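Reader: I would like to learn how to read a structure like this one, feature by feature. Where do we begin?

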Amino acid sequence: MSGNAVFTNESTGLFELLTSGGDLLSSGPSTFTNSGIYRKTAAGANQVSVDLSNTGTVDVAAGTLSHTARFDHLNGGVLQGLGTLNVASSKGTTFDGAINPGTSPGILSIVGAPVLGTNSVLNVE
């Protein structure tokens, strides 16, 4: 994406990272607004360097998803999966939605120190 670009995934949309190394990079400030499903299914690593504003579902189904820009998981959003979300190098991280580790036993690894908001909910079995 180029500077000041905005990519919007609507509530009925699916944005899927199918291969490792299929990164979402930006040459300047850009935003990915997700109200639908944003899924990572590749076993390897993917890097995202655009600001994310999530009110939909982020599904880290496999591998490692590294966000190096802002990662705002907002009220109403769902973070789920069996992989690893790496926000250690992000430029700000807020978790204010649901966090649902994968199937029982659910293991969703989060690398970094996200700030948990008052609406954050961890759902475990």
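Author: Begin with one residue and its surroundings. Thr93 has a relative accessibility of 11%, and buried means under 20%, so Thr93 counts as buried. Keep in mind that this is a predicted model.

Reader: Which strand holds Thr93?

Author: Thr93 sits in strand β12.

Reader: What does Thr93 touch, once residues up to four places away in sequence are set aside?

Author: Arg70, Phe71, Val87, Pro114 and Val115. For a sense of distance, take Leu122. Thr93 and Leu122 are 29 residues apart in sequence, and their C-alpha atoms are 16 Å apart in space.

Reader: Which side chain makes a polar contact with the side chain of Thr93?

Author: That of Ser90, at 2.5 Å. Now look from the other end. Ser90 is in the loop between β11 (84-86) and β12. Its relative accessible area is 18%, so Ser90 is buried under the 20% limit. The side chain of Ser90 also reaches the backbone oxygen of Val87, at 3.1 Å. Beyond four places in sequence, Ser90 touches His67, Thr68 and Ala69.

Reader: How much confidence does the model carry?

Author: Read pLDDT, the predictor's own score. The mean over the chain is 90, and 97% of the residues reach 70 or more. Confidence is highest in β7, at a mean of 96, and lowest in strand β15 (residues 115-116), at 89.

Reader: Why should a low score matter?

Author: Where pLDDT is low, the predicted coordinates should not be read in detail.

Reader: On to charges. How many salt bridges are there?

Author: Two. In one, Asp59 pairs with Arg39, and the closest N and O atoms are 3.3 Å apart. This pair links distant parts of the chain: Asp59 is in strand β7 (residues 57-60), Arg39 is in strand β4 (residues 37-40), and 20 residues separate them.

Reader: Is Asp59 buried or exposed?

Author: Buried, with a relative accessible area of 10%. Arg39 is partly exposed, at 24%.

Reader: And what pairs with Asp72?

Author: Arg70 does, with the closest N and O atoms 2.7 Å apart. Asp72 is buried, at 15% relative accessible area. Arg70 is partly exposed, at 30%. Recall that Arg70 is also one of the residues that Thr93 touches.

Reader: Next, the rings. How many aromatic pairs are there?

Author: Six. Read each by two values: the distance between centres and the angle between planes. Phe15 and Phe32 have centres 5.2 Å apart and planes at 65°, so the pair is edge-to-face. Phe15 is in strand β2 (residues 14-17) and Phe32 in strand β3 (residues 31-34), so the pair ties together parts that are 17 residues apart in sequence. Phe15 and Phe32 are both buried.

Reader: Why is the pair of Phe71 and Phe95 tilted?

Author: Planes over 60 degrees apart count as edge-to-face and under 30 as stacked; those of Phe71 and Phe95 are at 45°, so the pair is tilted. Their centres are 5.7 Å apart. This pair also links distant parts: Phe71 in strand β9 (residues 71-73) and Phe95 in strand β12 (residues 93-95), 24 residues apart. Both are buried.

Reader: Which residues form one aromatic cluster?

Author: Phe7, Phe15, Phe32 and Tyr38.

Reader: How many residues are in the largest nonpolar core?

Author: It has 18. Those with the most contacts inside this core are Phe32, Tyr38, Val58, Val60, Leu65, Leu79 and Leu85. The elements that give two or more residues to the core are β2 and β7.

Reader: What is Val60 in contact with, apart from neighbours within four places in sequence?

Author: The list is Lys40, Leu65, Leu79, Gln80, Gly81, Leu82, Gly83, Thr84, Leu85 and Leu108.

Note on methods:
Residues are numbered from 1 along each chain as its sequence is written. This is a predicted model: local features need pLDDT of at least 70, side-chain atom pairs count only at pLDDT 80 or more; totals for chains, interfaces and linings use all residues. Side-chain values use heavy atoms; hydrogens and water are left out. A salt bridge is a side-chain nitrogen of Lys or Arg within 4 Å of a carboxyl oxygen of Asp or Glu. Helices (H or I, at least four residues) and strands (E, at least two) are DSSP runs, numbered from the N terminus. Buried means under 20% relative accessible area, exposed over 50%, partly exposed in between (1.4 Å probe, protein chains only). Rings of Phe, Tyr and Trp (its six-membered ring) pair if their centres lie within 6.5 Å; planes under 30 degrees apart count as stacked, over 60 as edge-to-face and the rest as tilted. A nonpolar core is a set of buried Ala, Val, Leu, Ile, Met, Phe, Trp, Tyr and Cys residues joined through side-chain atoms within 4.5 Å. Contact means heavy atoms within 4.5 Å. A polar contact is a pair of N or O atoms within 3.5 Å; within protein, one must be able to donate a hydrogen and the other to accept it, and residues adjacent in sequence count only if both atoms are side-chain atoms. pLDDT is the predictor's confidence in each residue, from 0 to 100.
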